[in-house]
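Here's a quick tour for anyone meeting this structure for the first time. Have a look at the model, then read on.

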Amino acid sequence: MSKETLKANLREIPDFPIPGILFYDVTTLFKNTECLQEMLDTLYEMYKDKGITKVVGIESRGFIMGGALAARLGAGFVMARKPGKLPAEVVEETYAKEYGTDTIQIHKDAINENDVVLLHDDLLATGGTMAATHRLVQRCGAKKIFINFIIELGGLNGRKAFPEDITVDTLLTL
């Protein structure tokens with residue numbers, strides 16, 4: 001399977017969630033056995049020799065590949081969630097959005113100074129949520145951090161949201 005096959009299986013939904021937005025629906029990649037396996041195999045090959053001890057998946061589509069990849073890598077899985085969704089003590093990072101602010105949280109005991117962390121989400125657009133998650137995991141003292149997305153919307157320059165010394169990888173650039 002190739003990147004072209006992944007692109008061919010990606011559903012595009014115009015005017016969602018608001019008029020003028022072209023939404024890329026990754027659920028079509030997840031429901032296709034070959035696409036799902038190809039993405040997991042590719043991600044595993046990218047990170048198998050990086051010493052990853054924790055994979056952080058961002059709510060909610062980042063949980064799918066993030067959890068599967070953590071299991072394949074023999075690493076732990078950490079959920080990055082919106083406020084009020086995690087039951088134990090949390091640390092959080094608030095960040096600016098187009099209209100207002102948002103907050104992302106992880107459990108306080110999820111990451112430590114011995115962890116090599118891979119942050120994963122489905123889509124890189126402007127990078128705001130992932131940049132906040134990166135700052136949060138840095139504050140927790142992670143030894144090293146990698147960032148990964150399934151899809152990058154190249155025209156939005158989301159990579160500029162991250163420090164230059166951080167490795168940011170994507171499977172598809174649209």
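## The largest pocket

Strand β7 gives the largest share of the lining of the largest pocket, four residues. Strands here are DSSP runs of E with at least two residues, helices are runs of H or I with at least four, and both are numbered from the N terminus. The pocket holds about 1,200 Å³ of space. Among the 32 lining residues, K97, E98, L123, A125 and T129 sit closest to its centre.

A pocket is an open set of points on a 1 Å grid over the protein atoms alone, where a 1.4 Å probe fits, with protein on both sides within 12 Å along at least five of seven lines; lining residues have an atom within 4 Å of a point. The volume is the space filled by probe spheres set on those points, which are joined across faces, edges and corners.

## Salt bridges

Twelve salt bridges turn up in the whole structure (a Lys or Arg side-chain nitrogen within 4 Å of an Asp or Glu carboxyl oxygen). In one of them, R61 meets D122 at 2.6 Å, N to O. R61 is in the loop between β3 and α4 and D122 is in β7, so this pair ties together parts 61 residues apart in sequence. D122 is buried at 5% relative accessibility, while R61 is partly exposed at 32%. Buried means under 20% relative accessible area, exposed over 50%, and partly exposed in between (1.4 Å probe, protein chains only).

## About the model

This is a predicted model: local features need pLDDT of at least 70, side-chain atom pairs count only at pLDDT 80 or more, and totals for chains, interfaces and linings use all residues. Residues are numbered from 1 along each chain as its sequence is written, and side-chain values use heavy atoms, leaving out hydrogens and water.
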